[in-house]
Amino acid sequence: MSKERGLEDAFKFIAPTSPEIVTELFQTIWQVRQRTLHKKGIDLDLSVVDCPYTQEQLAQLEQEGRRVGYLPESLSTQQDRHLLALLWPQMRGPSVREGNTVANEVDRYGWFDYDTSINAPHRNITEDELQTIIESQGRVGMNATEYIIASQDSKFLTGQYLDEVSTYVRLLGSRYGGYVVLARFRFDGCLRVRSPLRISRCSANLGGRSVGFPPKI
């Protein structure tokens, strides 16, 4: 059994709330991704700092249907997003091309947590209603880069991308032409990002995803 597969199994079945195991898992994940980019002529430092969540905080996130992830600073911007397509070429599409025009409202990096349900939460509500709910939870709307990382981690850890079954999500943290973008992953790994999306639009298959961050000490 490979070290990466062993850590994946440990994360899911042995100690999913252990910060030490979480740290080791994501260090291994990003080491593999760093080597993949190196083979393609891109040398970046994708090192991972120790998981800042406590065992109790990780357990609480699991109960809330959330999982932690890690985004290196060197891959966190709109301008860097085309490098993610070198890691996962099946994503295709203009949002992951060099010079793409899907902007992140804020470029965030480091540890974060996200909603793990394959079908999107917060469905059948408007953009304003989604913003109000997320803000009331002390969270922020996910951006396109975070969505890619969370979805690829979901595929690795569960075998499914976020939203691959039947839902789309508003990504409140990313815009195209001033409008919030609509996104989903297909089962084959293709990433679809669309805009414009009416603020008032709501439907049973349109939801939203949020991200949170480690509590400040």
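Trainee: Which residue in β9 is the bridge partner of Asp113?

Mentor: Gly212 is the β9 partner of Asp113 in this predicted model. That bridge belongs to an antiparallel pairing of β3 with β9, residues 210–212, over 2 bridges.

Trainee: Which strand pairs with β3 through 6 bridges?

Mentor: Strand β1, residues 66–71, joins β3 by 6 bridges and runs antiparallel to it. Within that pairing, Gly69 stands opposite Phe112 of β3.

Trainee: In what order do the strands of the open sheet lie?

Mentor: The order is β1-β3-β9-β4, 4 strands with antiparallel pairing. The edges are β1 and β4, the latter spanning 140–141, and each pairs on one side only. Strand β4 is joined to β9 by 2 bridges. There, Val140 has Val211 of β9 as its bridge partner.

Trainee: Which helix packs on the sheet?

Mentor: Helix α6 does, touching β1, β3, β4 and β9. The direction of α6 makes about 115° with that of β1.

Trainee: Why is β3 described as largely enclosed?

Mentor: Check burial residue by residue. For β3, 6 of the 6 residues are buried, so the strand is largely enclosed by the rest of the structure.

Trainee: Which residues have the most contacts inside the largest nonpolar core?

Mentor: They are Phe26, Trp30, Trp111 and Tyr147, in a core of 45 residues. Elements that each supply at least two residues of this core include α2 (19–39), α6 (144–158), β1 and β3. Another core lies apart from it, with 5 residues, among them Leu130, Ile134, Leu172 and Val180.

Trainee: What does Phe26 touch beyond its sequence neighbours?

Mentor: Setting aside residues up to four places away, Phe26 touches Val48, Val68, Gly69, Tyr70, Trp111 and Asp153.

Trainee: Now Arg108. Is Arg108 buried or exposed?

Mentor: Arg108 counts as buried because its relative accessibility is 17%, and the cut-off for buried is under 20%. Arg108 sits in the loop between β2 (103–104) and β3 (110–115).

Trainee: With which side chain does the side chain of Arg108 make a polar contact?

Mentor: With that of Glu146, at 2.8 Å. Leaving aside neighbours within four places in sequence, the contacts of Arg108 also include Leu71, Ser76, Val140, Val211 and Phe213.

Trainee: On to cysteines. How many disulfides does the structure hold?

Mentor: A disulfide is a covalent bond between the sulfur atoms of two cysteines. This structure holds 0. Cysteine burial can still be read: Cys190 counts as buried at 10% relative accessibility, whereas Cys202 is partly exposed at 40%.

Trainee: What should I look for in the backbone angles?

Mentor: Most residues other than glycine have a negative phi, and most peptide bonds are trans. Here, a cis peptide bond joins Ser195 and Pro196, with omega about 5°. Pro196 is in the loop between β7 (191–194) and β8 (206–208).

Trainee: Where is Arg92, and what is its phi?

Mentor: Arg92 lies in the loop between α4 and β2. Its phi is near 50°, a positive value in a residue other than glycine. Arg92 counts as partly exposed, with 42% relative accessibility.

Trainee: What is the phi of His122?

Mentor: The phi of His122 is near 55°, positive in a residue other than glycine. His122 is found in the loop between β3 and α5 (127–136).

Notes: Residues are numbered from 1 along each chain as its sequence is written. This is a predicted model: local features need pLDDT of at least 70, side-chain atom pairs count only at pLDDT 80 or more; totals for chains, interfaces and linings use all residues. Side-chain values use heavy atoms; hydrogens and water are left out. Buried means under 20% relative accessible area, exposed over 50%, partly exposed in between (1.4 Å probe, protein chains only). A polar contact is a pair of N or O atoms within 3.5 Å; within protein, one must be able to donate a hydrogen and the other to accept it, and residues adjacent in sequence count only if both atoms are side-chain atoms. Contact means heavy atoms within 4.5 Å. Two strands pair if DSSP finds at least two bridges between them. A nonpolar core is a set of buried Ala, Val, Leu, Ile, Met, Phe, Trp, Tyr and Cys residues joined through side-chain atoms within 4.5 Å. Axes are lines fitted to C-alpha atoms, for helices over the stretch in contact, and angles run from 0 to 180 degrees between N-to-C directions. A disulfide is a pair of cysteine sulfur atoms within 2.5 Å.
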